[in-house]
Structures are given as C-alpha cells and as structure tokens.
Amino acid sequence: MKTLVTYFSRSGYTESLAKDIAQRINGDLDKIKDDKSWKGALGFVKGGYYALKKKKTQIIYTKKPEEYDMVIIVSPVWAGKVPPAINSYCIKLKDKFKNLALVLDCESSDLKKSFDYVESISPKLNAKLGIAKKKMSDEDIKKSIEMFVEEIKEIS
C-alpha cells in the first residue's frame, strides 16, 4: 500500500512524530504549510483563536493525496481543535482520500472532539492515535506508535 504521512507542526514535536511514523511504514512525507505566522506568544494565542473558530488558511503542500492508498495526517491540537492548516487540508481534500488515519498530539486535552470533527469532514477515517504528552510516558508513546503502525499495516 502506498502511504503518505502529511503533517503540520508549529514547535517541531509533531514533525518528529510524522517522520518517525513515515520511517516505520516506509511512507512518503509531506509538510503542510500555511500563510500565517504562529510564532511567539501572539502566534500561540492567535492560533488557538483560529482553531476554536475552525478558521481556514491558505495552505501549501507538495504531494497529491489521491495518489496514495492511505493518508496519515499528523497534527497538534490547539485549544482542543485541529489547527487551521489541518482544517483547511481536510476540507479541501476530503474527496481525495481513499483511506485516512489521524494522529493527534496535545499536552493533555481530550482528543475525542478533534477526532469526531475530522471524521465529520472525512468519513474515511480508518485509524486514530492520540498522544497526550503530559499523561503518557515516553515508553507509552513509543508503544502507542508501534501499535498504530501495526494497525495501519493490517488495513493494507
């Protein structure tokens, strides 16, 4: 199965998760960029506001998801929601996904609403992984990723 791991990252943590997953499944990697600056305290606050309001942004990505059997989106959670770049990506490309998996990372919030929201946009969501960094040890995160990767391999 041809797999794309696509991600958006503000701090670099989500990027490291995406790279780890792509390496484990031998998938292609694609970074989603948008037209806003989320740097510093103002960017953090503005990002939370945009996420809460489910605002979209202009996005740039290089890989075409319709060319892949599985697309894995790796995203942080901002203010309990997916960031604007991921929101825009999911809405714009919802009809292009053959199979979709979602990895969300956050400090400690409840991820159910974020998963439900993405699933409402794209009902092709086949697999989910939530990583709550403050609630999970490094070893738990590693094991969760391993189980998720095995789940993805079984879907193929």
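The following legends describe close-up views of a predicted model.

**Figure 1. Confidence of the predicted chain.** The mean pLDDT over the chain is 90, and 98% of the residues score at least 70. Of the chain's elements, S2 has the highest mean pLDDT (98), while H4 has the lowest (83).

**Figure 2. The largest nonpolar core.** This core comprises 30 residues, and Val71, Ile73 and Tyr89 have the most contacts inside it. Two or more residues each come from H2, strand S5 (70-76), helix H3 (84-93), strand S6 (100-106), helix H4 (112-121) and strand S7 (125-132). The greatest contribution to the core is that of H3, with 5 residues. In soluble globular proteins, nonpolar side chains tend to be buried together.

Figure 3. With residues up to four places away in sequence left out, Tyr89 is in contact with Leu4, Thr6, Ile32, Ile59, Tyr61, Pro65, Val71, Ile73 and Phe97. Another core, of 21 residues, lies apart from the largest one; Ile21, Ala22, Val103 and Ile131 are among its members.

**Figure 4. Thr14, a buried residue of helix H1.** Thr14 is located in helix H1. Its relative accessibility is 3%, which is below the 20% limit, so Thr14 counts as buried. Residues up to four places away in sequence excluded, Thr14 touches Phe8, Ser9, Val74, Ser75, Pro76 and Asp105.

**Figure 5. A salt bridge within helix H1.** The whole structure contains 7 salt bridges; one of them joins the side chains of Glu15 and Lys19, at an N to O distance of 3.5 Å. Both Glu15 and Lys19 belong to helix H1, where they are 4 residues apart, or about one turn of the helix. Glu15 is partly exposed, at 21% relative accessibility, and Lys19 is also partly exposed, with a relative accessible area of 44%.

Figure 6. The side chains of Glu146 and Arg24 form a salt bridge with an N to O distance of 3.9 Å. Because Glu146 lies in helix H5 (residues 138-155) and Arg24 in helix H1, the pair ties together parts that are 122 residues apart in sequence. Glu146 has a relative accessible area of 34% and is partly exposed; Arg24, at 30% relative accessibility, counts as partly exposed as well. A network of salt bridges links Asp20, Arg24 and Glu146.

Figure 7. Glu150 pairs with Lys153 in a salt bridge whose closest N and O atoms are 3.9 Å apart. The two residues, Glu150 and Lys153, both lie in helix H5 and are 3 residues apart, about one turn of the helix. Glu150 is partly exposed, its relative accessible area being 41%; for Lys153, likewise partly exposed, the value is 43%.

**Figure 8. Two loop residues with positive phi.** Most residues other than glycine have a negative phi. Asn26, although not a glycine, has a positive phi of about 55 degrees. Asn26 occupies the loop between helix H1 (13-25) and strand S2 (28-31). With a relative accessible area of 73%, Asn26 is exposed. Lys54, also not a glycine, has a positive phi of about 55 degrees. The loop that holds Lys54 runs between helix H2 (40-52) and strand S4 (59-60). Lys54 is partly exposed, with a relative accessibility of 41%.

Note on methods. Residues are numbered from 1 along each chain as its sequence is written. This is a predicted model: local features need pLDDT of at least 70, side-chain atom pairs count only at pLDDT 80 or more; totals for chains, interfaces and linings use all residues. Side-chain values use heavy atoms; hydrogens and water are left out. Buried means under 20% relative accessible area, exposed over 50%, partly exposed in between (1.4 Å probe, protein chains only). A nonpolar core is a set of buried Ala, Val, Leu, Ile, Met, Phe, Trp, Tyr and Cys residues joined through side-chain atoms within 4.5 Å. Contact means heavy atoms within 4.5 Å. pLDDT is the predictor's confidence in each residue, from 0 to 100. A salt bridge is a side-chain nitrogen of Lys or Arg within 4 Å of a carboxyl oxygen of Asp or Glu.
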